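Please examine the model shown below.

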Amino acid sequence: MTLSTTRRASAPQILDRCRELVRPALVESVGRLHPWHAETAAFSLGWRGTGGEPLPGSQGKGVRQALAVLGAEAAGGSGEDAVLGAVAVELIHTFSLIHDDIMDGDETRRRRPTLWKAYGTGPAVLAGDALFALAVSTLAEAPGPGGPAAVRQLAGALGDLVHGQAQDLLFESRPWSGPGAVLPHEYRAMATHKTGSLLGCAAALGAVLAGAPASTAEALDLAGRHVGVAFQAVDDLLGIWGDPQVTGKPVHSDLRRLKKTYPVLAALSADHPAAGRLDALLTSAGPLDDAAARRAAELIAEAGGREATIAEAHEHLAAARACLDRAPLAEGAREDLLTLIPYLVDRTG
C-alpha cells in the first residue's frame with residue numbers, strides 16, 4: 001500500500017514519496033550534461049557545494065515533481081507514468097530560478113550563494129540554457145501516446161512563464177501611483193503566468209502521460225495555476241515579513257529593491273490614509289535604508305496590504321480546490337492533492 005492510498009499521509013510524506021520516485025531519473029538526466037553544466041546543475045539543485053561536496057538534505061521540496069506524480073495518479077495511472085514529466089518540470093523550474101536570480105540580482109537562495117554569485121553570470125546563464133534544453137529532450141523521450149501532447153503542454157507553459165517574467169520586469173519601470181501604475185489585477189495575471197504556469201503544467205503533464213482525457217488535464221492545469229497565484233502571494237509576504245533564518249533572504253529584501261509585490265500594490269490601492277504615506281515613501285529618491293524599509297512594512301500592514309494578500313492566497317486556494325472537485329479524479333490522489341495544496345500556501349519559507 002502506498003502513502004497515497006492511506007488517505008492519512010502528511011504533506012511532507014507525500015513530497016518525500018514523490019521525490020524518492022523521481023530522484024533516480026533526475027540524477028540520470030543531469031548526468032547526461034557536459035561535466036561543467038552537470039556541476040553547476042548539481043549546485044543549483046542543492047545536491048552539491050561549489051567544491052563538489054555532497055549536501056545531503058539541502059535540495060528543495062520538489063513541489064512540481066510531486067504535482068506531476070499526483071497528476072498521473074489522479075488520472076488513474078501510476079506515479080511511474082509521470083517520472084519523465086516530473087524530471088522535465090524540475091529542470092525547467094531550476095532553469096527559471098537561475099535566470100530569475102540573475103535578473104533580480106539576488107545573491108542568496110536557500111541560505112547560500114545563488115549560482116551566478118558562486119560561479120559567475122556567464123556560467124549561470126549557460127547552466128540555465130543547458131537545463132532548458134535537457135528538460136525538453138527528456139520529456140520528448142517519454143514513451144507512450146501521451147508524449148507529443150506532453151511536449152506541447154510544456155511548450156505552452158514555457159511561453160507563459162517567459163511572458164510572466166517579462167511582465168514582472170516591465171513592472172519595475174512603471175510608477176507606484178497615478179496613470180501607468182501597476183494594479184493588483186495586473187500583478188495577479190503576472191503571477192498566473194510566472195508562477196502558476198509551471199505548477200499547472202506539472203499536474204497536467206502527469207495526467208497527460210497517464211493517458212487522461214484533455215478535460216482532466218485542463219482541470220489539473222487550472223488548479224495548479226490558482227495554486228501558483230496563492231504561492232506567489234505568500235512568497236510576497238515572506239519577502240517583507242519572513243524570517244531570514246527560514247527564507248534564506250535578508251529581512252525586507254523585496255522592499256529594499258522597491259519590488260512591486262502584491263502586498264505593496266494592495267496597500268497603495270486601498271482607501272486608507274496610510275496608502276498616501278506609503279506612496280510618498282516609495283517615490284522618494286533611491287533605495288530604502290533599514291529604517292525606511294521598516295516604516296514601509298508598517299504602512300503596508302496599516303493600509304491592509306498584508307491582510308489583502310492573505311485573502312488573495314486563500315481565495316485562489318479555494319478556487320484550486322473547486323477545480324479538483326469538478327474533475328473525475330482517483331480518490332486517493334485527490335486527497336493527496338488536497339493535503340498538499342494548503343501546505344504549499346501555509347508556509348514560512
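**Aromatic pairs**

The structure holds four aromatic pairs, where the rings of Phe, Tyr and Trp (its six-membered ring) pair if their centres lie within 6.5 Å, and planes under 30 degrees apart count as stacked, over 60 as edge-to-face and the rest as tilted. The rings of Phe-43 and Tyr-119 have centres 5.6 Å apart and planes at 70°, so this pair is edge-to-face. The pair links distant parts of the chain, with Phe-43 in helix 3 (residues 35–44) and Tyr-119 in helix 6 (residues 115–119), 76 residues apart. Helices (H or I, at least four residues) are DSSP runs, numbered from the N terminus. Phe-43 counts as buried at 4% relative accessibility, and Tyr-119 is buried too, with a relative accessible area of 19%. Here buried means under 20% relative accessible area, exposed over 50%, and partly exposed in between (1.4 Å probe, protein chains only). Elsewhere, Phe-171, Tyr-187 and Tyr-262 form one aromatic cluster.

This is a predicted model, in which local features need pLDDT of at least 70 and side-chain atom pairs count only at pLDDT 80 or more, while totals for chains, interfaces and linings use all residues. Residues are numbered from 1 along each chain as its sequence is written, and side-chain values use heavy atoms, with hydrogens and water left out.

**Nonpolar cores**

In soluble globular proteins, nonpolar side chains tend to be buried together. A nonpolar core is a set of buried Ala, Val, Leu, Ile, Met, Phe, Trp, Tyr and Cys residues joined through side-chain atoms within 4.5 Å. The largest such core in this model has 84 residues, and those with the most contacts inside it are Val-30, Leu-33, Leu-67, Leu-91, Ile-92 and Leu-340. Apart from it lies another core, of 18 residues, which includes Trp-176, Ala-274, Ala-296 and Ala-297. Returning to Ile-92, its contacts (heavy atoms within 4.5 Å) are with Phe-132, Ala-135, Leu-154, Leu-158, Leu-161 and Leu-198, not counting residues up to four places away in sequence.

**Helix 9**

Helix 9 (residues 184–209) has 26 residues and reaches 36 Å from its first C-alpha to its last, close to the 38 Å expected at 1.5 Å a residue. That expected span is 1.5 Å times one less than the number of residues. A kink of about 50° is centred on Gly-196 in this helix, the bend at a residue being the angle between axes fitted to the seven residues ending there and the seven starting there. Helix 9 is followed by Gly-211, whose phi is positive, near 85°.

**Cysteines**

How many disulfides does a search of the whole structure find? The search finds zero, a disulfide being a pair of cysteine sulfur atoms within 2.5 Å. The sulfur of Cys-201 is 16 Å from the closest cysteine sulfur, in Cys-323, and is therefore too far away for a bond. Cys-323 is likewise in no disulfide. Cys-201 is buried, with a relative accessible area of 1%, and Cys-323 is buried at 3%.

**Individual residues**

Leu-258 has a phi near 55°, a positive value in a residue other than glycine. Leu-258 is placed in the loop between helix 12 (253–256) and helix 13 (262–268), and is partly exposed, with a relative accessible area of 24%.

Leu-170, in helix 8 (residues 147–171), is exposed, with a relative accessible area of 55%. The C-alpha atoms of Leu-170 and Gly-31 are separated by 36 Å, and the two residues are 139 residues apart along the chain.

His-99 lies in helix 5 (residues 83–104) and is buried, with a relative accessible area of 19%. Not counting residues up to four places away in sequence, His-99 touches Ala-124, Val-125, Gly-128 and Asp-129.

Glu-73 belongs to helix 4 (residues 63–74) and is buried, with a relative accessible area of 13%. Glu-73 and Gly-46 are 27 residues apart in sequence and 27 Å apart in space, C-alpha to C-alpha.

Key. Helices (H or I, at least four residues) and strands (E, at least two) are DSSP runs, numbered from the N terminus.
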